[in-house]
Amino acid sequence: MAIDRNKHVGVVSEPRIVDVEKGFLKFFAKATGESDPVYFDEAAAKAAGHPAIPAPPTYLFSLALSAPAKRGHIFDKEQGLGIDMARVLHGEQSFTYHRPIYAGDTLTLTTTTSDIYAKKGGALEFVVQDTHAVNAAGEPCAEMRTVTVVRNG
């Protein structure tokens, strides 16, 4: 069952406002094996020149998962692509950073379905989605590209 490119490519999600919480940052840092004290101790973060505990490098992925979009979401049947989770594989992830993200920040996330393409005669479809994160001042903080693989057949 092919995904309708014309219907989904270019769809932009509703903005989602998320707070960057210190406890969640520490949990994420521990879960990903960070050992640098700047990710756990506010005094160490400030001594290293940060205004607060910084977000570890791939934190944006977890933050986006905690605030899923409705419009354009891969699994949402009403406003998204409506794909069965059993057919999905995580294909690729990349990040572009513009400024650090810190505990206490409020970010606005928007996600755009940038491309959908097929390989292996349509047996695999690839959904490319770009999530942009801006801070409360409207300054870009980071961009994340996610490629989801959908198995057909």
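**Aromatic cluster.** I looked up the ring contacts and found Phe24, Phe27, Phe28 and Tyr59 linked into a cluster by ring pairs. The model I am working from is predicted. My search of the whole structure returned five aromatic pairs. I then took the pair of Phe28 and Tyr59: the ring centres are 5.6 Å apart and the planes stand at 80°, so I recorded the pair as edge-to-face, the class for planes over 60 degrees apart. Phe28 belongs to helix α2 (residues 22-31) and Tyr59 to helix α4, so this pair ties together parts that are 31 residues apart in sequence.

**Accessibility of that pair.** The cut-off I applied for buried is under 20%.

Phe126 is buried at a relative accessible area of 13%, whereas Tyr117 is partly exposed at 31%. I also checked for a charge at the ring of Phe126 and found Lys119 over its face, 5.5 Å from the ring centre.

**Largest pocket.** I turned to the pockets and recorded a volume of about 460 Å³ for the largest one. Which residues lie nearest its centre? I listed Leu65, His73, Ile74, Gln129 and Thr146, out of a lining of 19 residues. I traced the lining to its elements: α4 (59-66), β2 (88-97), β4 (124-134) and β5 (140-151) each supply at least two residues. By class, I counted ten nonpolar, eight polar and one charged residue in this lining.

**Second largest pocket.** Here I recorded about 150 Å³ of space. The lining has 13 residues, and those nearest the centre are Ala55, Pro56, Tyr97, Pro100 and Ile101. I sorted this lining into eleven nonpolar residues, one polar and one charged.

**Confidence.** Finally I looked up the pLDDT values. The protein averages 92, and 99% of the residues score at least 70. Where is confidence lowest, and where is it highest? I found the lowest in helix α1 (residues 5-8), with a mean of 88, and the highest in helix α3 (residues 42-47), at 97.

Terms used. Residues are numbered from 1 along each chain as its sequence is written. This is a predicted model: local features need pLDDT of at least 70, side-chain atom pairs count only at pLDDT 80 or more; totals for chains, interfaces and linings use all residues. Side-chain values use heavy atoms; hydrogens and water are left out. On a 1 Å grid over the protein atoms alone, a cavity is a set of points where a 1.4 Å probe fits but cannot get out, and a pocket is an open set with protein on both sides within 12 Å along at least five of seven lines; lining residues have an atom within 4 Å of a point. Grid points are joined across faces, edges and corners, and a volume is the space filled by probe spheres set on the points. Helices (H or I, at least four residues) and strands (E, at least two) are DSSP runs, numbered from the N terminus. Ala, Val, Leu, Ile, Met, Phe, Trp, Tyr, Cys and Pro count as nonpolar, Asp, Glu, Lys and Arg as charged, and the others, Gly among them, as polar. pLDDT is the predictor's confidence in each residue, from 0 to 100. Rings of Phe, Tyr and Trp (its six-membered ring) pair if their centres lie within 6.5 Å; planes under 30 degrees apart count as stacked, over 60 as edge-to-face and the rest as tilted. Buried means under 20% relative accessible area, exposed over 50%, partly exposed in between (1.4 Å probe, protein chains only). A charge sits over a ring if NZ of Lys or CZ of Arg is within 6 Å of the ring centre and within 35 degrees of the ring normal.
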